[in-house]
Amino acid sequence: TFHGGRPSGYQPLLTRLQLRDNAGKLLEAARCGDDILFEVSVLPHPDRYPVTLHLTVGSLRGDTLFACNMARQLGEHLTLEEPSVITCAVRNCRLMPGRYTLRLALKSSGHVQDAIVDGLTFDVQPSDTYGTGRLPPSTPAYGHFLPEAEWSTSSVEASRTKCGEKLGATP
């Protein structure tokens, strides 16, 4: 399948990309904090070489935000005998709302067999990720991710006592 982001010389083995939710519903945009299933349709290598898929998510400025590497995360390569769909499920994807780039590479024995390096994007919509009734800010000052964080408080006196106990001092 022709794609303008495919460098010349590669066999068109990557034929389609779809984003889905856990229920299998096709997504026009992902929601912040939800699971995202990246489904990549792949044709078998003509010589039936074992292959691995690399998926890289980046910012519109070109920064790599994260990468998923099938061989490293699954621990094996796949030998495809027929057209197949490879799914990479990114759990609890906490990308900030906005548009992101996606690069795909199908490799065999360390050599790229097919790649889409430009022109794939997807959107992340805001959602009440923390369950507070508030949407995340849509400003670059907050970075690219909404971390999963836990907060707690204690009194200053209690903290001094705990520190003193840990150091062997008397409060």
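The sulfur of C32 lies 7.8 Å from the closest cysteine sulfur, that of C93, which is too far for a bond, and a search of the whole structure finds zero disulfides, a disulfide being a pair of cysteine sulfur atoms within 2.5 Å. This is a predicted model, in which local features need pLDDT of at least 70 and side-chain atom pairs count only at pLDDT 80 or more, while totals for chains, interfaces and linings use all residues. Residues are numbered from 1 along each chain as its sequence is written, and side-chain values use heavy atoms, with hydrogens and water left out.

**Cysteines**

- C32 counts as buried at 1% relative accessibility, where buried means under 20% relative accessible area, exposed means over 50%, and partly exposed lies in between (1.4 Å probe, protein chains only).
- C68 is likewise in no disulfide, and the nearest cysteine sulfur, which belongs to C88, is 3.8 Å away.
- The relative accessible area of C68 is 10%, so C68 is buried.

**Overall build of the chain**

- The secondary structure of the protein chain comes to two helices and nine strands, both taken as DSSP runs numbered from the N terminus (helices are H or I with at least four residues, strands are E with at least two).
- Along the sequence, these elements follow the pattern β-β-β-β-β-α-β-β-β-β-α.
- The protein chain has a radius of gyration of 22 Å, well over the 16 Å that the globule rule gives for 171 residues, so the chain is more spread out than a compact globule; the radius is taken over C-alpha atoms, and the rule is 2.2 Å times the number of residues to the power 0.38.
- Taken along the principal axes, the C-alpha atoms of the protein chain fill a box of roughly 75 × 35 × 30 Å.
- Of the 171 residues in the protein chain, 36% are buried.
- Among contacts (heavy atoms within 4.5 Å) in the protein chain between residues at least 6 apart in sequence, 67% join residues at least 24 apart.
- The protein chain exposes about 10800 Å², of which carbon and sulfur atoms supply 51%; accessible areas come from the Shrake-Rupley method with a 1.4 Å probe, and for residues only the protein chains shown count as cover.

**The three-stranded sheet and I36**

- Three strands form an open sheet in the order β1-β3-β6, with antiparallel pairing; two strands pair if DSSP finds at least two bridges between them.
- The edge strands of this sheet are β1 (14-20) and β6 (84-90), each of which pairs on one side only.
- On average, and with direction ignored, neighbouring strands of the sheet are turned by 20° against each other, the axes being lines fitted to C-alpha atoms (for helices over the stretch in contact) and angles running from 0 to 180 degrees between N-to-C directions.
- Strand β3 (residues 36-42) pairs with β6 in the antiparallel sense over seven bridges, and V42 stands opposite S84 in β6.
- I36 is placed in strand β3 and is buried, with a relative accessible area of 1%.
- Not counting residues up to four places away in sequence, I36 touches L19, R20, A30, C88, A89, V90, C93 and F122.
- I36 and N22 are 14 residues apart in sequence, and their C-alpha atoms are 7.4 Å apart in space.

- Strand β7 (residues 98-108) and β8 pair in the antiparallel sense over five bridges, and K107 stands opposite V112 in β8.
- These two strands, β7 and β8, form a hairpin with two residues between them.
- S109, in the loop between β7 and β8, has a positive phi of about 50° although it is not a glycine, and it counts as exposed at 63% relative accessibility.
- Q113 lies in strand β8 (residues 111-116) and is buried, with a relative accessible area of 14%.
- Leaving aside neighbours within four places in sequence, Q113 is in contact with Y10, Q11, L13, H45, L106, K107 and S108.

**A further positive phi**

- R48, which is found in the loop between β3 and β4 (52-58), has a positive phi of about 60° although it is not a glycine.
- With a relative accessible area of 36%, R48 is partly exposed.
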